[in-house]
There are 2 protein chains.
Amino acid sequence: MAARATRGFGQYSGVARAVERVGERWALLIVRDLLAGARRYSDLKAGLPRIPTNILSDRLKELQEAGVVRRVPTVRGGYELTALGRALEPVVLELERWGWATLGSPAEGELLTADALAVALRAAFQADASRELPPTEYVLHVGAVSMSAIAAAGALDVLAIGPDALPQPGRRLAAAAPADVLELTVEVASFRPLLAGADEVATVLAGTDELLARFARTFRMTPAPHSDAADAADDASVA
Amino acid sequence: MAARATRGFGQYSGVARAVERVGERWALLIVRDLLAGARRYSDLKAGLPRIPTNILSDRLKELQEAGVVRRVPTVRGGYELTALGRALEPVVLELERWGWATLGSPAEGELLTADALAVALRAAFQADASRELPPTEYVLHVGAVSMSAIAAAGALDVLAIGPDALPQPGRRLAAAAPADVLELTVEVASFRPLLAGADEVATVLAGTDELLARFARTFRMTPAPHSDAADAADDASVA
DNA sequence: CGGGATCCCAAGCGATACTG
DNA sequence: CAGTATCGCTTGGGATCCCG
């Protein structure tokens, strides 16, 4: 019983190690929310409404043991990512991109949180396109959440705004207040079409058509390599 | 009881969807092995020695329902990735890179399979460095597994070799037989130091020192953002 | 009142045995 | 070889309870 190998996969492999460390249920969603900034226990719970409190508590303990998360000493119930945890950002963004491909319309009872929206925007960001465009601030209202995204020279800075915005790192982009500002509103159900390029689903509150086109070039999440049918045979073969 | 929401996270988010689809235990390891080529049930079982057969069976069924995997009609027990499944490659490579950071020496009973090695090499590949170097073939013997990796102009082609090499896509690189060939052997325990740059742990069977230096530039996996201690406060803050 | 711990039940996982 | 069936154990889900 000392040798409880039940947790491991018996593989000397980076993927196996990664899944052992952050593959438990809910763990990557906690990391996703912490990527947007330090959070308190109750903030995490509010952003993950369906997580049982004991599971949140267990995961936070495990993530601390794994060196991914640590407590913020100055804040009661505060947690933040370590450097190792922040190194998960590429993993989370790739998962977001892939998951988007399999994402339909929001199901009954599913909600879009501010932290989820921030990750989606960062995953959809087209750095190359942004480099060719002037610095621009995009203020988005998606359902009940509001974000400000500043894109400048291939860099992106996303910030939740509004009365219930949670603490987060301050703006880092030098051009903190671009002259060009686009503000628009979409329903949650229309957000996916919007990122697919259907910019007519958005209501422009402020800004020109040219800025809207700029948005469409800057943020883009392509729907999917549609899974079934006509997925013609390629170079793979079985002897 | 119709609304069995027990499987979902209640989030409208790409990360949540991705984890719902491929986050079950063992699922990503199955995908990892299938990324190297189509596999039969028994091949998967052999490459994942600790997976219970019922779990492998369940996962393959679930992955088919998720549109990630499909059966190879011409081969009894054959499975391969769909286009959607192949789109998981960036996710798997990022997980491999991150997992490598938390990877120590191989634990008792852990084994390094050919498919795991192939993914590690692809994750370690430095396309930029490769572009500045002549086409080269690297033949690696790591423990009991052998691979041939051809790097040419920023592209990489990895192929398991030897008597028990499993079926896999054929070589794709035009320069199928570079003039420069390096062949080397390492113990499994020395493979991680090797990719960290300690090229003296390898025994060169064929090739020059210059080719060994080329290897070190072409394949590199940096150890870690060491998790604890001295992880100084940065721009994150809690109000 | 926010932050977590405890309980019980159900579902998922792991090992072995068995069948087409 | 390619799975299915069964069973005990572990883990997650949901509600409740306790502590500072």
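Biologist: Where in chain A is confidence lowest and where is it highest?
Modeller: In this predicted model, helix α3 (residues 41-47) of chain A is lowest, at a mean of 91, and helix α8 (residues 127-131) of chain A is highest, at 97. That's pLDDT, the predictor's confidence in each residue, from 0 to 100; helices (H or I, at least four residues) and strands (E, at least two) are DSSP runs, numbered from the N terminus.
Biologist: Which stretches of chain A have pLDDT below 50?
Modeller: Residues 1-5 of chain A do, with one contact (heavy atoms within 4.5 Å) beyond near neighbours in sequence. Residues 227-239 of chain A do too, with 20 such contacts.
Biologist: OK, switching to chain B. What order do the five strands of the open sheet take?
Modeller: They run β6-β5-β4-β7-β8 in chain B, with mixed pairing; two strands pair if DSSP finds at least two bridges between them.
Biologist: Why is one side of β6 and of β8 in chain B left without a neighbour in the sheet?
Modeller: β6 (155-161) and β8 (203-206) of chain B stand at the edges, each with a single partner strand, so one side of each has no neighbour in the sheet.
Biologist: And how do β4 and β5 of chain B pair?
Modeller: Strands β4 (residues 136-142) and β5 (residues 145-152) of chain B are antiparallel, over seven bridges. B:Tyr138 has B:Ala149 in β5(B) as its bridge partner.

Terms used:
Residues are numbered from 1 along each chain as its sequence is written. Chains are lettered from A and ligands numbered from 1 in the order in which they are written. This is a predicted model: local features need pLDDT of at least 70, side-chain atom pairs count only at pLDDT 80 or more; totals for chains, interfaces and linings use all residues. Side-chain values use heavy atoms; hydrogens and water are left out.
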